Amino acid sequence: MKRLVTYIQQHLSLRLGLLILLIVGCVFGVTLGLLFYQTKQYVRQAAVNQATDVLDETVFNISGIFERTELATTTMERRASMNLHPDSLLYYTRRMVEENPVLQGFMIALEPNYSKEFGTYFAAYSYRKADGIHSMFKKDYDYTQDYWYKTPLEQKKGCWLEPYEYAVPDIDTKSRYYFSFTAPLYGPDGRLIGAVCSDLSLYWLSHTVTAVKPFPHSSAIMLGHDGRYIVHPDTAKQVRQSIFSDPDPQARKEVIRMGQSMLAGQSGDWAIMVDGHPAHVFYRPLRRTGWSIAIVCPDRDVFDNYNRMLYVVWAIIGLFLLLLLLFCYQIIRSAVVPVNLLAESTRYMASRQFTEEQQEGEDSPEQPLTYSKRVDTVGQLQNSFVRMQQSLNTYMSELHQINDEMEQRNKELQHANQLVREADERKNVFIQNMTHQVRTPLNIINGFTQVLASNSSNMRREEIDDIISHMKSSAKVITRITRMLIATSSDDATSVVSDTVIVCNTLCREVVSAVLHQRSETLSVMTVSSVSDDFTIRTDRNALSSILTELLSNAVRFAPEGTITLSCYLKGEDTIAFAVSDMGPGIAPDDRDRIFTMFTKLDSFTEGIGLGLPLSRHTANLLGGDLVLDDTYTDGTRFVLTLPINNNV
């Protein structure tokens, strides 16, 4: 012992190290005690914030699903009230289930003896099973006393029902628990004629709520209006028991008070005992249903990580104190280390090694230069050098970034210049095409005008009629080009009139007749229709005629031999299709995306200005339909125009 004391007295560095260790130990003891106490409060508050955030997010998600269910139900109720036919009602139920994956089923039920068409009882029902969606009529099922049917008729408004055990006859072999949103069904005259019901599975709701776990051992519950458990970790208590079911209310006084607060639609948190362990319960109301959802978080989950961290921190502190002793012993002996580091860094600076990246083959310093806590001249020199090196690093990084940005800007400018050149080329081509397309018919009209002015008295009537026919044809070409230019410069859809009733087959024959004079002797144009001669649609006659005329004219121009067919057929219940097919050379796969681009021509030597197909597709879109190229047709080219039968555009 005496030798140890003598050794310490003889070594100044060790003596200073022990003194610093004593001072640091005292300061650490007081500081860490306060720090751990404050940290525990922060951990508790962080746990509260985490639990409430998860709870608020869950309430928001579930409320969003409920809101979408209400909106979808009321929307489908309005649609059903405007189309009271058995098949339509069954279609609406199936569509409702298809569009809302969260729904288990959807039913539309009418009042008994609503009309002879529906019989005594009528209910259209679609429901989801593992193998898909099933739909059926129920005409022998007295649903008038069912909970889901009576409630909206009595309240005369949409409402959420408490979970109930329910089985639809001939569908479910056993009863299941559902919760539903049900709403009254009104007829076109405003009379109450039935009810609609959206069924959601209680199993889905339970799975969604119990999956909320902000902590490993946390759990979630949901209460109904009367305190019954809608969701509970113990599925045996769902629907069958309530939060007030404890045989000894005094033993669970806090739980009962919390349950009363939840049923009152309040939000908050409650400290209670759960299975003999302290826990916190955070709860929020579901405004749309009047239910309440809560998360139970055991305190041991909250502080489990904190306690483990505490053990690790104490171990680190012990190791730190030991290292501190060694550091104090070595600090005097290593007083010249900063000077060595400065020499190493200076050598790096001389070799232009400004950044932290090291080139292959370069010698690296034994220890990187960092800021010094010393206030003497050496410490000031070291800190000044570090700041200088950092400034150089920052400058070099900014310089690299500027170079990268300049390179990116150059690429963007090159791309922009390329686009400008392409646009200029397209403009020149368009002007040339316009000049040719307008000049040719104008020359024809001008030439025939001069003939008529100079020699009309000596010409036969047949010759004059032929000249007038050619002049009218040329005038139509100019009118068509002018109409294309006007349509290109305006996106206004008000010129499209959709209230005209058109007989499809009659219009097809008229369009074919109008282009027959353009065909050659080796070409035939025919009409094929699968709809009846009295079948009509509601759309803009001029717009539809212009699209079909454009498609047939293109077919006559590019397929001078073979057969051109204009087909008319139904495509679905509310869509009609017009197809123009030819036996020409077809369109190359690389060009199929370009044909609907404004001012684009696949062959610069052909007639046209590159607006026919783009404007035809634009007009089809204004009519509520579309114009596409059929990629599956291999005998030539086929364009398909689809339009709604009753256009409301």
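Predicted model: local features only at pLDDT ≥ 70, side-chain atom pairs only at ≥ 80, totals over all residues.
The protein chain works out at 13 helices and 19 strands. Of its 649 residues, 39% count as buried. As for contacts between residues at least 6 apart in sequence, 59% join residues that are at least 24 apart.

Five strands make up an open sheet, and reading across it the order is 9-8-12-11-10, with antiparallel pairing. Strand 9 (229–231) and strand 10 (268–274) sit at the edges with a single partner strand each, so one side of each has no neighbour in the sheet. On average, neighbouring strands here are turned by 35° against each other, ignoring direction. In general, strands of a sheet pair through backbone hydrogen bonds, in either a parallel or an antiparallel way.

Further in, strand 8 (residues 219–223) pairs with strand 12 (residues 291–298) over five bridges, in the antiparallel sense. Here Ser 219 stands opposite Val 296 of strand 12.

Two helices lie across strands of this sheet. Helix 5 (residues 202–210) lies across strand 8, strand 9 and strand 12, and runs at about 75° to strand 9. Helix 6 (residues 253–263) lies across strand 8, strand 10, strand 11 (277–286) and strand 12, running at about 150° to strand 10.

Notes
Residues numbered from 1 in each chain as written. Heavy atoms only, no water. Pairing = 2+ DSSP bridges. Helix = DSSP H or I, 4+ residues; strand = E, 2+ residues; numbered from the N terminus. Axes fitted to C-alpha atoms, helices over the stretch in contact; angles between N-to-C directions. Contact = heavy atoms within 4.5 Å. Buried < 20%, exposed > 50% of the residue type's maximum accessible area, 1.4 Å probe, protein only.
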